[in-house]
Structures are given as C-alpha cells and as structure tokens.
Amino acid sequence: MAGKRGTKYENLVPTTMGMNLRSIGTMLRDQFKRDPRRRPARPIPVVPLSLPGQVRPEGIRVAWFGHSAFVLELAGRRLLFDPMFSPSPSPVPVFGGRRYSGGLPLEPEDFPRLDAIVLSHNHFDHLDKASIGKLRDKTDRFVVPLGVRRLLIKWGVPPEQVTEHGWWDELEVAGLRLACTPARHFSGRGLFDRNGSLWCSWAVIGARGRFFFSGDSGYAPHFKAIGERYGPFDLTLMECGQYDERWANIHMLPEQTVQAHLDVRGGLLVPVHWAAFTLGFHAWDDPVERAVAAARAHGVRIATPRIGEIVEAAEEGYPQTAWWREQR
C-alpha cells in the first residue's frame, strides 16, 4: 500500500525534488535560453493507425502516440494508457509548447471500443480533460490511482465506471489481471494539491503474456520488487525523457531506464515519455540516442517505433530504425 502522511502520499524511499533557490534560478535561465536542439527541426511524421473493432486474441502489441500515451492489445483486449492527445501538455503553453507531430496517428473520436482507460497519475501531460471528454463514451471502465477518481467524476465520467487503487492492489479487467505497482514520482495539478493523489506504474498479465508500464518514475528499488513479484515481462514501456540532474529523483536518465527494464526482468523495451513535447532541457532526441546505446551495451532488445507504428512483442521484426535522425 502507498505511504501516506495525513492527506499527502509519499514515495517508498525519501525523495526530494531538488528545488532549492539555486536550481530554480538555473531552471529559469535554461527555460528562456534559445536552443534549437530542444525541438526537432521539422514536424515529426506519424504512421496513420487503424484499429479494427476485433482484437487478435494472440500476442502483445502496442501503438505509441508520443510522450506516454499508448494503446495496448493483450489476450484479445484493448487498453488505452495516459491519453494526452491535446496540442500542448500544459495549461500554460510556453512551458511545453506544441506537440512535435502536429497531428495524431488516430484521433480520439475515431477510436474503437476500449476495454479500459488506465492512468498513471494526474499531471497535465498524462491526464488531459479534453482527451477524457472525447474518449468518455469509448469505454465503461476507467482504472486510476488513489485520489484521481474524483477528478474524472467531476469531468462527467459516471462514478460506477471508475475504480481507484493503491500500490500492490490487483484487479481484473475483461479477463486481464492488472496490478497497480509503485513509482517514484509526485502528483499535482495546481499550487495547493501537491501529492494529494497517488502516482503509479502498471503490470498487465494475460493468460499468455505479461506487460509493464513504468509511468513517470525516478530510479529506485521498486523496479526489482516488481520484477520479482510479476516478471518476467514480454514487453515494457519505460519512461525515458524530460530528465535533468536537478530532478533525477523523479525522472530517470536513459541509462537508468535500461537498468530499470533489466530490474523488472523485461524482454523487449520501448522507451517513452519523449518525442512529443519539450518539458526538459536536453536535446529532443537525446533520450532515445542514449537509451539505444545503453541497451546495446547491456544486450537489451530495444524497439524504436515511429509514432503510430505498431510494436509486436516478438523475438524478431520489431522497429529498430533511427528515424529521429531524419528530423535533424
């Protein structure tokens, strides 16, 4: 169960945000420093995505929408995670700017029926009111961490359709077993609600396959604990992007992304939380370049799909092209 002190949730290990006066000053300096490498030179092309109404019963597939939004198909079921489909990840667009791709592989209105929408936490770049409004009638099931349910109900989702869960809780969704697993992060959408709701990762287990999504997280021992309890995983989607040494406790560096994948006993790795928005100060493609290098050094299988491209959790045939270099 998640740690909680009064009305606030806590990480499993002590976690500071590194926000002293000096770091705040250097962040403001970096925010307004002109650096063309923080965005691609031209809009990122996307692969148009068509999702049939019927999901194939065998295999594990994901289609990534950039940042942390993706569709998972496992055991004949279809789940949508962290659907942030708006043009900007922030209520103040100067922080985050516009989506790199301009468009999406599939518009929210065109989604087929979903077995569930699953959320990792309440930050604006993962939980978007406009996207939820467009997707609300595509499913009868929303699965969220503790404290997030009330926000969805406020936005018009029927209360009986939303369940909320703490770390290590397990539940069944359309024949799949989901486990709400720990992450090392924080929550909040305003000045006064910091850590008032939980943040998490997710394990999804079917009859013939296992999947893991890290959510947003700094590196910590919880990854090994998850691997011991629910691994090995056929496919993992792991946070890799928007990092900085000043907030390394709450977002992994790319080399830590690969290590966390190894900790959970992952098979094929797809690095996410990049290629959509500028929220950190690194070059926009630095996350994938460093993750690929670290994966090769450790013998890890890593897929690098274009936005909208389907990844199959199989031994061969997964996307490996360095497509981002074409955007420089």
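Author: A definition comes first: a pocket is an open set of grid points with protein on both sides within 12 Å along at least five of seven lines, and its lining residues have an atom within 4 Å of a point. Please note also that this is a predicted model.
Reader: Which residues lie nearest the centre of the second largest pocket?
Author: They are Leu 51, Pro 52, Arg 61, Glu 73 and Ile 310, among 14 lining residues. The pocket holds about 160 Å³ of space.
Reader: Which strand gives the most to that lining?
Author: Strand β3 does, with three residues. β3 (60-64), β4 (70-74) and β16 (310-312) each supply at least two.
Reader: How many of the lining residues are nonpolar, polar and charged?
Author: Seven are nonpolar, two are polar and five are charged.
Reader: New topic: which residues touch the most other members of the largest nonpolar core?
Author: Leu 72, Phe 81 and Phe 211 do, in a core of 65 residues. Helix α6 (residues 286-297) contributes the largest share of this core, five residues.
Reader: And what is in the second core?
Author: That separate core has 25 residues, including Leu 51, Leu 106, Leu 135 and Leu 151.
Reader: What about Asn 11, is it buried or exposed?
Author: Asn 11 counts as buried, because its relative accessibility of 17% is under the 20% cut-off. Its place is in the loop between β2 (8-10) and α1 (21-31).
Reader: Which backbone oxygen lies 2.9 Å from a polar atom of its side chain?
Author: That of His 185. Beyond its sequence neighbours within four places, Asn 11 is also in contact with residues including Trp 167 and Trp 199.

Conventions: Residues are numbered from 1 along each chain as its sequence is written. This is a predicted model: local features need pLDDT of at least 70, side-chain atom pairs count only at pLDDT 80 or more; totals for chains, interfaces and linings use all residues. Side-chain values use heavy atoms; hydrogens and water are left out. A nonpolar core is a set of buried Ala, Val, Leu, Ile, Met, Phe, Trp, Tyr and Cys residues joined through side-chain atoms within 4.5 Å. Buried means under 20% relative accessible area, exposed over 50%, partly exposed in between (1.4 Å probe, protein chains only). Helices (H or I, at least four residues) and strands (E, at least two) are DSSP runs, numbered from the N terminus. A polar contact is a pair of N or O atoms within 3.5 Å; within protein, one must be able to donate a hydrogen and the other to accept it, and residues adjacent in sequence count only if both atoms are side-chain atoms. Contact means heavy atoms within 4.5 Å. On a 1 Å grid over the protein atoms alone, a cavity is a set of points where a 1.4 Å probe fits but cannot get out, and a pocket is an open set with protein on both sides within 12 Å along at least five of seven lines; lining residues have an atom within 4 Å of a point. Grid points are joined across faces, edges and corners, and a volume is the space filled by probe spheres set on the points. Ala, Val, Leu, Ile, Met, Phe, Trp, Tyr, Cys and Pro count as nonpolar, Asp, Glu, Lys and Arg as charged, and the others, Gly among them, as polar.
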